[in-house]
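Colleague: Please take me through one part of this model in close detail. I would like to look at the strands first, and then at whatever connects to them.

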Amino acid sequence: MRSFKKYFITGLLIWVPLVITVWVLGLAVNTLESVVPTFLSPQALFGRDIPGFRVAVVIAVVLVTGILAANFLGRGIVRLWENVLGRIPLVRSIYQSVKQVSDTLLAPNGQAFRQAVLVQYPRSGSWTIGLLTGAPSGEVASLLPGEHVSVYIPTTPNPTSGFFLMMPRSEVLPLNMSVDAALKYIVSMGVVAPAASATKKSTPNE
């Protein structure tokens, strides 16, 4: 019985990551394919189904859009398009909010998550890993006493949801581990501890 349990768990450790990886990839592919209009489907163009064709179409459209938007004429069209969307009340709120987040996360020169930090949360004496995202500004900064920083606290095992906190800089301890290593540590619920090679050689609060 003990050998059965050992072999069964060993099999699970092999299959569970593989199945979840295939599931996530399948979900991503299905999502991409769903945005392709019917007239661009392989059935409409070639009369038969071609696996992955719609994904290739999405990638090609995104790539061409990026190339066009990088030149002067393309930037003008993008500004015009954003002005049009900015005049539609409900669409304006959704579009601008999503654009601000995407610009922060996807911009090549952006630093959405600057550094892994150690903070006390949800109460004093209880520690967790957070990600430094910047510092409060504007009205919020003027109302906060002393120097504060913005920290994102990911949840486990799904780091895409979490909590946004503004904390005194003195209560935030910078870590040398990379952001990727910190996320792996969070997702694994502390099981996968960052190795020495996962740390980055940098000065605190860079």
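Modeller: V117 stands opposite P174 in β5. This is a predicted model, so read each value below as computed from it. Strand β5 covers residues 173-174. Two bridges join β1 to β5, and the two strands run antiparallel.

Together β1 and β2 form a hairpin, with six residues between them. Look at G125 in the turn: its phi is positive, about 95 degrees.

Stacked would need planes under 30 degrees apart, and edge-to-face over 60. Where do the partners Y121 and F163 sit? Y121 lies in the loop between β1 (115-120) and β2 (127-134), while F163 belongs to strand β4 (residues 162-168). The pair therefore ties together parts that are 42 residues apart in sequence.

How exposed are these two residues? Y121 has 23% relative accessibility, so Y121 counts as partly exposed. F163 is partly exposed too, with a relative accessible area of 42%. Buried would mean under 20%.

The count of aromatic pairs comes to two. The other is F46 with F53, an edge-to-face pair. Their centres are 5.5 Å apart, with 90 degrees between the planes.

F53 leads us to helix α3, residues 53-69. This helix has 17 residues. From first C-alpha to last, α3 reaches 24 Å, close to the 24 Å expected at 1.5 Å a residue. F53, V55, V57 and V58 are buried in α3. The buried residues of α3 pack against α1 (2-34) and α2 (42-46).

Back to the strands, and to H148. This residue is in strand β3, which spans residues 148-154. Is H148 buried or exposed? H148 is buried, because its relative accessible area is 13% and the cut-off for buried is under 20%. A polar atom of the H148 side chain lies 3.4 Å from the backbone oxygen of P145. The backbone oxygen of G146 also lies 3.4 Å from a polar atom of that side chain. Beyond its neighbours within four places in sequence, H148 is in contact with A135, P136, M166, M167, P168 and R169.

Terms used
Residues numbered from 1 in each chain as written. Predicted model: local features only at pLDDT ≥ 70, side-chain atom pairs only at ≥ 80, totals over all residues. Heavy atoms only, no water. Phe/Tyr/Trp six-rings, centres within 6.5 Å; stacked < 30°, edge-to-face > 60°. Helix = DSSP H or I, 4+ residues; strand = E, 2+ residues; numbered from the N terminus. Buried < 20%, exposed > 50% of the residue type's maximum accessible area, 1.4 Å probe, protein only. Polar contact = N/O pair within 3.5 Å; in protein donor to acceptor, adjacent residues only side chain to side chain. Contact = heavy atoms within 4.5 Å. Expected span 1.5 Å × (residues − 1). Pairing = 2+ DSSP bridges.
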